[in-house]
Amino acid sequence: MKISAGGGEYSFFTEDGGRYTISVADAKRLSLADLCADDLPIEFEDDELMEFLSSKLSAIKYCTYLMSFSDKSESALKRKMREKGYSSHIADEALSVLRNSGFTDDGGLCVKKYQAIAISKLYGPHRIKAELIAKGFSTQDINHAQNVCCVDFDKLLSELIQKLLKSKKVDFSNREEITKFKAKLSRYGYSFDTINAVLTHYCDCDDGFYEDY
């Protein structure tokens, strides 16, 4: 048996050269943490349990490694673990440990991502939702984030329009140009009702001019 320098891991070596490294918490649960040199060697008959606990710790360390680069949802972490070869059971157990230890918080992370995407990319609610779903967040977490963030999408859309008009002017008296411009804005995730309402501030035409195109 070997204890890591920080005391958080216990490694057990078998007679045939095998090695199982488990967390101190699991070592304590198995009553292995209190062993001393005089107690060794010991017989531990449940090899499958040791393999499971060792793989779980390995998966946890892999997840913390990934999160050292950027925050990730539990769904994204689980996908990465499966790609790495960990079983679904191992992945679920690793995520449970990370969640209970406060390393993962999908609800809180979703709020941060929602706010960041809205401000940095000027996306509307539909595009933000699509982005967050692609990142592995649940609809429940996304809806919660939308309610908590209270983003002023009319203001964001106005900023987006001004930004786009700096790179390419639009003739607001030309219906064909307006139709194309509105389609472009919709791809940013805004509804046509919102687009119509905000666009009325950019020309002298009546509201119906926009609503029909």
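## R99 and its partner E74

In this predicted model, R99 counts as partly exposed, since its relative accessibility comes to 40%. Its side chain makes a salt bridge with E74, and the closest N and O atoms sit 2.8 Å apart. R99 belongs to helix α4 (residues 88-100) and E74 to helix α3 (residues 74-84), so this pair ties together parts that are 25 residues apart in sequence.

Now for D106, which is found in helix α5 (residues 106-121). Which side chain of opposite charge is nearest to D106, and how far away is it? That would be R99, at 7.1 Å. A salt bridge needs the nitrogen and oxygen within 4 Å, and D106 has none, although it is buried.

D106 does have a polar atom of its side chain 3.0 Å from the backbone nitrogen of E74. Leaving out neighbours within four places in sequence, D106 is in contact with S73, E74, F137 and D141.

## Other salt bridges

How many salt bridges does a search of the whole structure find? The count is nine. One of them joins E131 and K121, with 3.9 Å between the closest N and O atoms. E131 sits in helix α6 (residues 125-134) and K121 in helix α5, so the pair ties together parts that are ten residues apart in sequence. E131 is partly exposed at 21% relative accessible area, and K121 is partly exposed at 37%.

Elsewhere, D26, R29 and K56 are linked in a network of salt bridges. As background, side chains of opposite charge can pair when their charged atoms come close.

Over to the strands. Three of them make an open sheet, ordered β1-β2-β3, with antiparallel pairing. β1 and β3 are the edge strands, each pairing on one side only.

Take β1 (residues 2-3) and β2 (residues 9-13) to begin with: they pair in the antiparallel sense over two bridges, and I3 stands opposite Y10 in β2. The two strands form a hairpin with five residues between them, and G7 in the turn has a positive phi of about 80°.

F13 stands opposite R19 in β3, and S11 stands opposite T21 in β3. This hairpin also has five residues between its strands, and here G17 takes a positive phi near 95°. Helix α2 (residues 47-67) lies across β2 and β3, and it runs at about 60° to β3.

## D152 in the loop between α7 and α8

Last stop: D152, in the loop between α7 (139-149) and α8 (153-167). Its relative accessible area is 45%, so D152 is classed as partly exposed. The side chain of D152 reaches the backbone nitrogen of K155 at 3.2 Å.

For a sense of the distances involved, compare D152 with T64. These residues are 88 apart along the chain, and their C-alpha atoms are separated by 35 Å.

How values were computed:
Residues numbered from 1 in each chain as written. Predicted model: local features only at pLDDT ≥ 70, side-chain atom pairs only at ≥ 80, totals over all residues. Heavy atoms only, no water. Pairing = 2+ DSSP bridges. Helix = DSSP H or I, 4+ residues; strand = E, 2+ residues; numbered from the N terminus. Buried < 20%, exposed > 50% of the residue type's maximum accessible area, 1.4 Å probe, protein only. Lys, Arg positive; Asp, Glu negative; His and termini not counted. Polar contact = N/O pair within 3.5 Å; in protein donor to acceptor, adjacent residues only side chain to side chain. Contact = heavy atoms within 4.5 Å. Axes fitted to C-alpha atoms, helices over the stretch in contact; angles between N-to-C directions.
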